[in-house]
Amino acid sequence: MSVVCDDELVKRWESEQASLRQQVVEEDTEAWQRGAGFSSLERVGGVDLSFIKADDVNACAQLVVLSYPDLEVLYEDSQMVALTAPYVAGFLAFRETPFLLDALRRLERNQPQLLPQVVLVDGNGLFHYREFGLACHLGVLSGIPCVGVAKNLLQVQGVTKSQEHQSQIAALLQKGGDSFPLTTASGRVLGKALRSSDTSTKPVYVSVGHKISLDTAVRLTHSCCRYRVPEPIRQSLVSSLV
């Protein structure tokens, strides 16, 4: 639930978000991204922050690292955390990023050989009110390529859960790997709806976080899917329930 938040805090967050937004790289930067089969990609991470029911303060921050392309779990980190920043719509990353970043830094300190080459984030990247969602925030601060994969459509910049959107899902997402662009009222493509598997008709919503192009992000997400939710994120969700 959103809370009344100090105007000064929101202004500070807006300023910090705008500054960090300038650092987002929306293109492929790594050698593994350029091959059709991601031949040099070996480790894919997944992160999620899950709340305890009826408790919006205490949560479980999860990081998993999977082998690629086999998608076998190589590493898991699950920590109970107490969030101190208030929830304000559009500024979710200020609550969650510090704990996910801590998990990546713990891994880098303790087992650097398992640090993921890319992280799939349970949330949005550029597909955000100010084009700087959780996946962008984590990507810029960590320096690791990140992809936002959301399970629900964020209604932003003219993209809505309209009849037209539902018609696009029915007409354009015929099989696993099919996608269509999420185009804003201004004509900018901020992400894509992706049918992640043949057996799932409900799409996921993929957007750039950092250091990856949208087309590569979509291909990578699809290649990580055994079910609707890509395996790195699915495994991070599973680890929060154990």
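Guide: In H3, the buried residues are Leu134, Ala135, Cys136, His137, Leu138, Gly139 and Val140. Keep in mind that this is a predicted model.

Visitor: So how enclosed is H3 by the rest of the structure?
Guide: Largely enclosed, because seven of its nine residues are buried.

Visitor: What covers the buried residues of H3?
Guide: The cover includes helices H1 and H2. Strands E1, E4, E5 and E8 (204-210) are also part of it.

Visitor: And what follows H3?
Guide: Glycine 143. Its phi is positive, near 80°.

Visitor: Let's move to H2. What does it span, first C-alpha to last?
Guide: H2 covers residues 93-110, 18 residues in total, and reaches 25 Å. That is close to the 26 Å expected at 1.5 Å a residue.

Visitor: Which residues of H2 are buried?
Guide: Ala93, Phe94, Arg95, Glu96, Thr97, Phe99, Leu100, Leu101, Ala103, Leu104 and Leu107.

Visitor: What do they pack against?
Guide: Two helices, H1 (7-21) and H3 (134-142). Then strands E1 (43-51), E2 (58-67), E3 (73-82) and E4.

Visitor: At what angle do H2 and H3 pack?
Guide: About 40°, with the axes 10 Å apart. The two helices are therefore oblique to each other.

Visitor: Left-handed or right-handed crossing?
Guide: Right-handed.

Visitor: Which residues meet there?
Guide: On the H2 side, Ala93, Phe94, Glu96, Thr97, Leu100, Leu101, Leu104 and Arg105. On the H3 side, Leu134, His137, Leu138, Leu141 and Ser142.

Visitor: New topic: charges. How many salt bridges are there?
Guide: The count comes to 12. One of them joins lysine 151 and aspartate 122, with the closest N and O atoms 2.8 Å apart. That pair links distant parts of the chain, 29 residues apart. Lysine 151 sits in the loop between strand E5 (146-150) and helix H4 (163-172), and aspartate 122 is in strand E4 (residues 118-122).

Visitor: What about glutamate 231? Which side chain meets it at 2.7 Å, N to O?
Guide: That of arginine 234, in a salt bridge. Arginine 226 also forms a salt bridge with glutamate 231, at 3.8 Å, N to O.

Visitor: Why are arginine 234 and glutamate 231 about one helical turn apart?
Guide: Because they are three residues apart in helix H6 (residues 231-241). An α-helix has 3.6 residues a turn, so residues three or four places apart point the same way.

Visitor: Which residues are linked in a network of salt bridges?
Guide: Arg21, Glu26, Glu131 and Arg188.

Visitor: Last one. Where does serine 200 lie?
Guide: In the loop between strand E7 (189-194) and E8. Serine 200 is buried, with a relative accessible area of 11%.

Visitor: What does serine 200 touch?
Guide: Arg195 and Arg228, not counting residues up to four places away in sequence. As for tyrosine 227, its C-alpha and that of serine 200 are separated by 7.1 Å. Those two residues are 27 apart along the chain.

Methods: Residues numbered from 1 in each chain as written. Predicted model: local features only at pLDDT ≥ 70, side-chain atom pairs only at ≥ 80, totals over all residues. Heavy atoms only, no water. Salt bridge = Lys/Arg side-chain N within 4 Å of Asp/Glu carboxyl O. Helix = DSSP H or I, 4+ residues; strand = E, 2+ residues; numbered from the N terminus. Expected span 1.5 Å × (residues − 1). Buried < 20%, exposed > 50% of the residue type's maximum accessible area, 1.4 Å probe, protein only. Contact = heavy atoms within 4.5 Å. Axes fitted to C-alpha atoms, helices over the stretch in contact; angles between N-to-C directions. Parallel < 35°, antiparallel > 145°, perpendicular 65-115°, else oblique. Left-handed = near helix turned anticlockwise from the far one by under 90°.
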